[in-house]
Amino acid sequence: MSKIVVVGANHAGTAAINTITGFNENNEVVVFDQNSNISFLGCGMALWIGEQISKPDGLFYSNKEKLESQGAKINMNSSVDSVDFDKKIVHATLENGQKIEESYDKLILATGSLPIVPNVKGKDLENVQMVKLFQNAEDVIEKLKNPEIKTVAVVGAGYIGVELAEAFERKGKKVVLIDTMSTALSNYYDIEFSTMMDKNLESHGIQLAYGEMVKEIIGTTKVEGIITDKNQYKCDMVILAVGFRPNTALGGGKLKTLANGAYLVDETQQTNVKDVYAIGDCASVLFNSTGENSYIALATNAVRSGLIAGHNVCGKHMETNGVQGSNGIAIYDLKMVSTGLSEERAKKLGLEVESTSFEDLQKAAFIETENPKVKIKIVYDKNTRVVIGAQMASTYDMSMGIHMFSLAIQEKVTIDRLKLLDILFLPHFNQPYNYITMAALSAK
Ligand SMILES: Cc1cc2nc3c(=O)[nH]c(=O)nc-3n(C[C@H](O)[C@H](O)[C@H](O)COP(=O)(O)OP(=O)(O)OC[C@H]3O[C@@H](n4cnc5c(N)ncnc54)[C@H](O)[C@@H]3O)c2cc1C
Ligand SMILES: NC(=O)C1=CN([C@@H]2O[C@H](COP(=O)(O)OP(=O)(O)OC[C@H]3O[C@@H](n4cnc5c(N)ncnc54)[C@H](O)[C@@H]3O)[C@@H](O)[C@H]2O)C=CC1
């Protein structure tokens, strides 16, 4: 029997706690989380703000009572202030202000990430909003009730920014979407895909302000406008969504990190200090497209890494497969999914790559019901021909197709092996000369 302390009980922490308690091995599990809620699905935030769902209740899948019924001791509103890695003790402040010491045999750090805050004048004005926690969503929803909030400037056209731009437009607000890059979603898609999203956003009246760097948020007490290196926009609310950084202050220089501060972990999620594990957004992941440890903040990675650490702290050896950073987005009718590297990002990393693309109807052409076009692009290493990325876009829900490419990258499958892959055909579903086969066959 071991005593396992878990710091942070959102997606990664909860996955680890569920795994450990699921073994029913009478391990003592003590958990600290500085927040008042557990397992908030940020992915539902835009749906809630944009009123595509009527209430937030379904955005949580666990809570203190549930985890305690499984045998863990849960301290909510309780922060861990420091860790003595030599003595194997965490120092925490409980909800009632009491300072305590908790010893551990195994420690799991699941402290997640923090939104990056650009260091610009005016960032502390009223109505400048972060969008990470449940409480942030509550604040935004409350503020949107004020009819004086007419225009929202969203800074960052990544996943959060694009999803929220849609949500604000659905709420009848004027939206300006600002990004330093020349398209939306530039971390995930090549230009022929991201421009599809840009046209989609523009066709719904969202103003795109790309290639612009925010210099200042203006106002006396509240937001009145935003100034970039190229323009000035009048607005009543500013959303900052320019990415996450790992929340790793507890490492205190003892734990090795990537350049961005994420705890460096091995294939079992263990850090460089024995018996100390790190999972989720505070940790590195092995990125199969490059073979290197990287930072990819996703709930999917958080859950998987929690499962892995949960096994290993209980003495059940489990190793990561590495990840592909598979992701998806659905804005109005447009769905886009990607995995691994885009061609542009691969080239920026100095990789020699080729790509192959195809566009066709999803189903047999004679089908008389809904039959949208699907666009696909597969990126592969020029020398080894191993697949390292794929992107798909359509108004049709083709999202399941990307999982096969995720597996192809994980298992280092070459583009040539996809040419004759046995893909089912049924006119209701797809075409015999389907776009996956055709893209692979047209590879150089
Ligand atoms: C708006 C939004 C939409 C998203 N959509 C998606 C999506 O569609 N798909 C997807 O895969 N991912 C999505 N993500 C990303 C996903 O939410 C994160 O990757 C995920 O939350 C990471 O989980 P985590 O448990 O590692 O970290 P976090 O969610 O950051 O949780 C960390 C926890 O640690 C606690 N904590 C931190 N420090 C301490 C301390 N010192 N003491 C005690 N407790 C501490 C915090 O209170 C928190 O509960 C989205 C994120 C946002 C904000
Ligand atoms: N559907 C999904 O899978 C979702 C995933 N997430 C994940 O959550 C994490 C955080 O999401 P985001 O904050 O959207 O990060 P992101 O990395 O997706 O996008 C950040 C955007 O901000 C831009 N940017 C950076 N600095 C800027 C600056 N100073 N001014 C203007 N623009 C700037 C970048 O060019 C980029 O387009 C990501 O890891 C993301 O993948 C979030 C929402 C949905």
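A residue is termed buried if 20 or more other C-beta atoms, placed from the backbone, lie within 10 Å of its own, exposed if 12 or fewer do, and partly exposed in between. The structure is a predicted model, in which local features need pLDDT of at least 70, side-chain atom pairs count only at pLDDT 80 or more, and totals for chains, interfaces and linings use all residues. Residues are numbered from 1 along each chain as its sequence is written, while chains are lettered from A and ligands numbered from 1 in the order in which they are written.

Glu 51 is not a glycine, yet its phi is positive, at about 60°. Most residues other than glycine have a negative phi. A positive phi, near 50°, is also found at Asn 77, located in the loop between strand S3 (73-75) and strand S4 (79-84). Asn 77 has 14 other C-beta atoms within 10 Å and is therefore partly exposed.

Helix H1 comprises 12 residues, 11-22, and spans 16 Å from its first C-alpha to its last, close to the expected 16 Å, the expectation being 1.5 Å times one less than the number of residues. Because 10 of its 12 residues are buried, H1 is largely enclosed by the rest of the structure. Among the buried residues are His 11, Gly 13, Ile 17 and Thr 21. Their cover includes strands S1 (3-7), S2 (28-32) and S7 (106-109), together with helices H3 (64-69) and H7 (299-313), contact being defined by C-beta atoms, placed from the backbone, within 7 Å of each other. Asn 24, with a positive phi near 50°, follows H1.

The shell around ligand 2 contains 27 residues, of which Gly 156, Gly 158, Tyr 159, Ile 160 and Ala 297 come nearest; a residue is near a molecule if its C-beta atom, placed from the backbone, lies within 6 Å of it. Two or more residues each are supplied by helix H5 (159-170), strand S11 (174-179) and strand S21 (327-331), and H5 gives the largest share, 4 residues. The shell divides into 16 nonpolar, 9 polar and 2 charged residues, where Ala, Val, Leu, Ile, Met, Phe, Trp, Tyr, Cys and Pro count as nonpolar, Asp, Glu, Lys and Arg as charged, and the others, Gly among them, as polar. Ligand 2 lies between domain 1 (3-114 + 245-313) and domain 2 (117-242), because both give residues to its shell; the domain bounds come from an automatic or database domain assignment.

Technical notes:
Two residues are in contact if their C-beta atoms, placed from the backbone, lie within 7 Å.
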